[in-house]
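Welcome! Take a moment to look over the sequence and the 3D picture, and then we will walk through some of the details together.

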Amino acid sequence: MANINVTIRMDDQLKADADELFDMLGMSFTTAINIFVRQSLREGRIPFEITSKPQVSFTAIDLPKE
C-alpha cells in the first residue's frame, strides 16, 4: 500500500506533549494518528465523545511514570 504525507498545524507545546505521551505508550505520533483514523473508520465516527462540558485536562507531564 502506498503512503502519502499529510501536513497538519498544531501548537508546538501540544505536539511536544503528544510526542512524550505516545513515546511513553511505545509509539510514534504518526502511529497514534493512524490508530485514530483507523478506529474512526471502524466506528464510522470520532471514537470518543466530544462535548462542550469542561473536562479536566492532563498533559504527558501529569501522567504517572512507570
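## Ser40 and its neighbours

Leaving aside residues up to four places away in sequence, Ser40 touches Arg45, Ile46 and Pro47. Keep in mind as you read that this is a predicted model. Ser40 is part of helix 2. Is Ser40 buried or exposed? Its relative accessibility is 15%, and buried means under 20%, so Ser40 counts as buried.

## Helix 1 from end to end

Now let us turn to helix 1. How far apart are the end C-alpha atoms of helix 1? They are 18 Å apart, and this agrees with the 18 Å that the 13 residues of the helix (residues 12-24) should span at 1.5 Å a residue. If you try the sum yourself, note that the expected span is 1.5 Å times one less than the number of residues.

At the N-terminal end, helix 1 is capped by Asp11, which has a side-chain oxygen 3.0 Å from the backbone nitrogen of Gln13. Just after helix 1 comes Gly26, with a positive phi of about 80°.

Which residues of helix 1 are buried? They are Asp17, Ala18 and Phe22. Looking down the axis of helix 1, you would find these buried residues within an arc of 130°, so they line one face of the helix. Here is a handy rule: an α-helix has 3.6 residues a turn, so residues three or four places apart point the same way.

What covers the buried residues of helix 1 includes helix 2. On the face turned away from the buried side, helix 1 carries the exposed residues Asp12 and Asp23.

## Aromatic rings

How many aromatic pairs does the structure hold? There are 2. The rings of Phe22 and Phe29 have centres 6.0 Å apart and planes at 55°; planes under 30 degrees apart would count as stacked and over 60 as edge-to-face, so this pair is tilted. Phe22 and Phe29 are both buried.

Phe36, at 32% relative accessibility, counts as partly exposed, and Phe48 counts as partly exposed at 46%.

Methods: Residues are numbered from 1 along each chain as its sequence is written. This is a predicted model: local features need pLDDT of at least 70, side-chain atom pairs count only at pLDDT 80 or more; totals for chains, interfaces and linings use all residues. Side-chain values use heavy atoms; hydrogens and water are left out. Rings of Phe, Tyr and Trp (its six-membered ring) pair if their centres lie within 6.5 Å; planes under 30 degrees apart count as stacked, over 60 as edge-to-face and the rest as tilted. Buried means under 20% relative accessible area, exposed over 50%, partly exposed in between (1.4 Å probe, protein chains only). Helices (H or I, at least four residues) and strands (E, at least two) are DSSP runs, numbered from the N terminus. The arc is that of the directions from the helix axis to the C-beta atoms. Contact means heavy atoms within 4.5 Å. A polar contact is a pair of N or O atoms within 3.5 Å; within protein, one must be able to donate a hydrogen and the other to accept it, and residues adjacent in sequence count only if both atoms are side-chain atoms.
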